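Thank you all for coming. Please take a moment with the sequence and the model on the screen, and then I will walk through them slowly.

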Amino acid sequence: MQNVREVSLMFSEFEHLNEDKKNNIVNSAIHVFAQKGYKKAATDDIIRLAGISKGSLFVYFKNKQNLFLYVYDFVLETIINELLNENMTDEKDVLERLKKFFLAELELMNKYPDMFEFVKMVNTENIPALSEKISEHNLEKVNQSYAKIFKNIDQTRFKDDIEIEDALNIIRWTLNGLSDRYRITCKQIPLSQLDFGLTKEEVNRYFRLFQKLFYKIERID
């Protein structure tokens, strides 16, 4: 995988643009990729929506693949930064922190519909030329997210005979399984048709179970 300096140099022309122009190009690319998918998305559609020349786009990114990977990293970073804000990480109860993180992700679907349609497209479209790079990016971002989520938690809430690392792994695997199931559901229906109320109820049930399994009774609120 390329390191940060290599990526920075690759897109240096683009990074020197003013923020409004950069955001316009990125948001235009997100929209086109989300609506048409990677294979059917045309750079002509992106430049028309962004109001720039085709030559400029290729100066910035060289090709559609580079543009796509840049946008993908932008989307993941934006979502993660929104989720892992100071209010989130100030919560010392790891179960409350994780629940807030998971439910906040649902709320962000309404705030950034194009971004989540883009993520949905990445997870549902078979893109052989990019599958390895996408997997690498996913793994890196997921590991970064959980490293922040599990940082500075209150370990005194856990039962004395519980291996905390094992408990956190069980919670993590459960949430990953839920996320995978929601992705499968998203393949079949638009995000706008998902029943977030039912999803929240299910998430709350799981976290009540986690409390019973892993926390000292006197510490359960």
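I will begin with threonine 43, which at 12% relative accessibility counts as buried, where buried means under 20% relative accessible area, exposed means over 50%, and partly exposed lies in between, with a 1.4 Å probe and protein chains only. Threonine 43 lies in helix α4, residues 43-50, and helices here are DSSP runs of H or I with at least four residues, strands being runs of E with at least two, numbered from the N terminus. Leaving aside residues up to four places away in sequence, threonine 43 touches Lys54, Leu57, Phe58 and Lys64, a contact being heavy atoms within 4.5 Å.

Before going further, a word on what we are looking at. This is a predicted model, in which local features need pLDDT of at least 70 and side-chain atom pairs count only at pLDDT 80 or more, while totals for chains, interfaces and linings use all residues. Residues are numbered from 1 along each chain as its sequence is written, and side-chain values use heavy atoms, with hydrogens and water left out.

Now the overall picture. The protein has 12 helices and 0 strands, and buried residues make up 42% of its 221 residues. Among contacts with a separation of 6 or more, 76% come from residues 24 or more positions apart. The protein exposes about 12600 Å², of which carbon and sulfur atoms supply 50%, the areas coming from the Shrake-Rupley method with a 1.4 Å probe and, for residues, only the protein chains shown counting as cover.

Let me turn to helix α6. The 20 residues of this helix, residues 64-83, should span 28 Å at 1.5 Å a residue, and its end C-alpha atoms are 29 Å apart, which agrees; the expected span is 1.5 Å times one less than the number of residues. Is α6 mostly covered or mostly open? It is mostly covered, since 14 of the 20 residues of α6 are buried.

In the loop between α5 (54-61) and α6 we find lysine 62, whose phi is near 75 degrees, a positive value in a residue other than glycine. Lysine 62 is exposed, with a relative accessible area of 53%. As background, most residues other than glycine have a negative phi.

The next topic is the aromatic rings. How many aromatic pairs does a search of the whole structure find? It finds 15, where rings of Phe, Tyr and Trp (its six-membered ring) pair if their centres lie within 6.5 Å, and planes under 30 degrees apart count as stacked, over 60 as edge-to-face and the rest as tilted. One of these joins phenylalanine 33 and phenylalanine 118, whose ring centres are 6.2 Å apart and whose planes stand at 70 degrees, so the pair is edge-to-face. Because phenylalanine 33 lies in helix α3 (residues 19-40) and phenylalanine 118 in helix α9 (residues 113-124), the pair ties together parts that are 85 residues apart in sequence. Both phenylalanine 33 and phenylalanine 118 are buried.

Phenylalanine 118 also pairs with phenylalanine 68, in a tilted arrangement with 5.5 Å centre to centre and 40 degrees between the planes. This pair links helix α6, which holds phenylalanine 68, with helix α9, which holds phenylalanine 118, across 50 residues. Phe33, Tyr38, Phe68, Tyr72 and Phe118 form one aromatic cluster. The charged end of lysine 64 sits over the ring of tyrosine 38, 4.6 Å from its centre; the criterion is NZ of Lys or CZ of Arg within 6 Å of the ring centre and within 35 degrees of the ring normal.

Finally, consider lysine 200, in helix α12, residues 196-214. At 29% relative accessibility, lysine 200 counts as partly exposed. Its C-alpha atom is separated by 9.5 Å from that of lysine 99, 101 residues apart along the chain, and lysine 200 touches Leu103, Leu106 and Glu107, again not counting residues up to four places away in sequence.
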